[in-house]
Amino acid sequence: MYFLINILGIFIVMSVIYFCSPRKKSVKWRPILSLFIVELLVTWFMLGTKIGGWAINLIASFFSWLIACASDGIAFAFPSVMGNETVDFFFSALLPIIFVVTFFDILAYFGILTWMIDKIGWVISKVSRLPKLESFFSIQMMFLGNTEALAVIRGQLAVLKDNRLLTFGIMSMSSISGSILGSYLTMVPATYVFTAIPLNCLNALILASILNPVEVTKDEDIIYVPPKEEKKDFFSTISNSMMVGMNMVIVILAMVIGYVALTSCLNGILGLIVDGLTIQKIFSYIFSPFAFLLGLAPGDAMYVAQLMGMKLATNEFVAMMDLKTQLDAISPHTAAVATTFLTSFANFSTIGMIYGTYNSLFNGEKSAIIGRNVWKLLVSGIAVSLLSAGIVGLFVW
């Protein structure tokens with residue numbers, strides 16, 4: 001029964017997105033169907049085959065090694081803290097970001113990361129027959145994050161028409177950055193994190209094609225290549241990467257502290273109005289229909305709905321910290337769909353980040369396209385997470 005509900009949920013989410021599309025007649029279903037088939041094959045390979053399981057374990061081991069290397073650096077600066085049996089979230093999940101960002105930038109400096117993005121993006125473009133720049137951007141987001149990926153192709157974005165520029169804003173809501181993965185792995189199962197990453201990229205393309213279908217000519221279907229003059233020397237690159245990583249740590253830490261404190265404040269106010277009422281309970285009721293459509297039992301659906309609300313109102317870190325404490329008490333299916341849903345940057349603060357990036361890269365007129373279409377970004381971000389969770393849920397029971 002719950003398996004059938006899971007299937008029905010995927011169709012309902014797609015139907016809602018199609019209903020929200022302002023240009024329904026322009027939607028091209030062949031590329032969407034092709035990408036959906038690829039998603040099913042990827043998920044089956046990752047979760048249903050020994051080779052896929054081996055690949056996930058290999059990637060997880062690689063990121064565990066990165067975290068171990070980062071921990072050596074942290075232990076040098078904070079030996080007494082890292083010597084404890086339990087290490088605080090700031091030291092175990094956030095500070096490693098500094099090294100991971102630097103490591104990925106080194107890969108990019110020597111062209112290794114660029115080569116991977118080019119090859120994977122080319123395959124997606126050929127399979128889906130969608131524009132090359134959008135296909136490559138979906139892969140860039142996976143490794144670089146949304147704001148970083150936007151900055152990389154800023155030269156080409158600056159000359160795009162507004163309707164196509166909106167597509168990149170919509171897709172940016174579903175990003176995940178390789179530099180943050182190590183932090184996720186300290187809280188939730190690696191298997192579902194690494195399965196969610198390619199699904200989010202493909203679903204971002206699918207939903208952008210429905211919410212904002214565009215026609216691209218052959219002359220417009222090109223990839224931006226940064227000039228060699230923009231490349232800095234190696235030591236300047238890694239030094240700047242370390243500072244960027246530290247800035248990310250500070251921003252995430254500030255958001256986690258601020259939003260947790262704000263949630264506690266709101267809960268106190270709500271408790272004065274209605275005894276026992278919390279913002280988590282409110283969100284659990286709002287999102288429970290969507291959680292139920294993921295094939296969850298009523299009790300689990302309420303809990304996952306609560307996590308959905310946490311992620312949307314705060315960020316995925318707050319929700320993952322809560323989920324970490326419940327992993328032993330919930331079913332494999334619940335753990336799979338919850339982890340997959342949380343593995344993305346889709347929340348209110350991300351909209352502000354995207355708008356700020358557009359505002360800094362382009363003029364006010366171009367950035368206004370984001371301000372006028374906030375609802376599309378928000379709907380897309382939530383729907384991508386729901387679709388990815390629904391597809392993973394089909395394979396884990």
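How many residues does α7 have, and what does α7 reach from its first C-alpha to its last? The answer is 17 residues and 24 Å, close to the 24 Å expected at 1.5 Å a residue. The expected span is 1.5 Å times one less than the number of residues in the helix. Helices here are DSSP runs of H or I with at least four residues, numbered from the N terminus.

Before going on, a word on the source. This is a predicted model, in which local features need pLDDT of at least 70 and side-chain atom pairs count only at pLDDT 80 or more, while totals for chains, interfaces and linings use all residues. Residues are numbered from 1 along each chain as its sequence is written, and side-chain values use heavy atoms, with hydrogens and water left out.

Back to α7. Its buried residues are Leu113, Ile117, Gly121, Ile124, Ser125 and Ser128. They fall within an arc of 100° seen down the axis of α7, so they line one face of the helix. The arc is taken from the directions from the helix axis to the C-beta atoms. Buried means under 20% relative accessible area, exposed means over 50%, and partly exposed is in between, with a 1.4 Å probe and protein chains only. Turned away from the buried side of α7 is a face with the exposed residues Trp115, Trp122 and Lys126. Just after α7, Arg129 takes a positive phi of about 60°.

Next, helix α2, residues 29–48. It has 20 residues and reaches 27 Å from first C-alpha to last, close to the 28 Å expected at 1.5 Å a residue. Pro31, Ile32, Leu35, Glu39, Thr43 and Met46 are the buried residues of α2. They cover an arc of only 105° around the axis, which puts them on the same side of α2. What do these buried residues pack against? They pack against α1 (2–20), α3 (50–77), α7 (112–128), α13 (190–211) and α21 (374–393). The face of α2 turned away from its buried side carries exposed Arg30, Leu33, Leu41 and Gly48.

Cys201 is buried, at a relative accessible area of 6%. Not counting residues up to four places away in sequence, Cys201 touches Ser138 and Met142; contact means heavy atoms within 4.5 Å. From Cys201 to Asn212 is 11 residues in sequence and 16 Å in space, C-alpha to C-alpha.

Now Phe287, in helix α15 (residues 279–292). Phe287 counts as buried, at 8% relative accessibility. Leaving aside neighbours within four places in sequence, its contacts are Ala305, Met308, Gly309 and Leu312. Phe287 and Ala301 are 14 residues apart in sequence, and their C-alpha atoms are 8.7 Å apart.

Asn373 sits in the loop between α20 (364–371) and α21. Asn373 also counts as buried, with 10% relative accessibility. Its C-alpha is separated by 32 Å from that of Leu296, 77 residues away along the chain.

Last, the surface. Which residues form the nonpolar patch? They are Met1, Tyr2, Phe3, Leu4, Phe292 and Trp397, with about 650 Å² of accessible area together. Patch residues have over 30% relative accessible area and no salt bridge, and nonpolar side chains (Val, Leu, Ile, Met, Phe, Trp, Tyr) are joined within 5 Å, like charges within 9 Å. A salt bridge is a side-chain nitrogen of Lys or Arg within 4 Å of a carboxyl oxygen of Asp or Glu. Areas come from the Shrake-Rupley method with a 1.4 Å probe, and for residues only the protein chains shown count as cover. The largest share of the patch, 3 residues, comes from α1. Met1 is in the segment before α1, and at 69% relative accessibility Met1 counts as exposed.

Methods
Helices (H or I, at least four residues) and strands (E, at least two) are DSSP runs, numbered from the N terminus.
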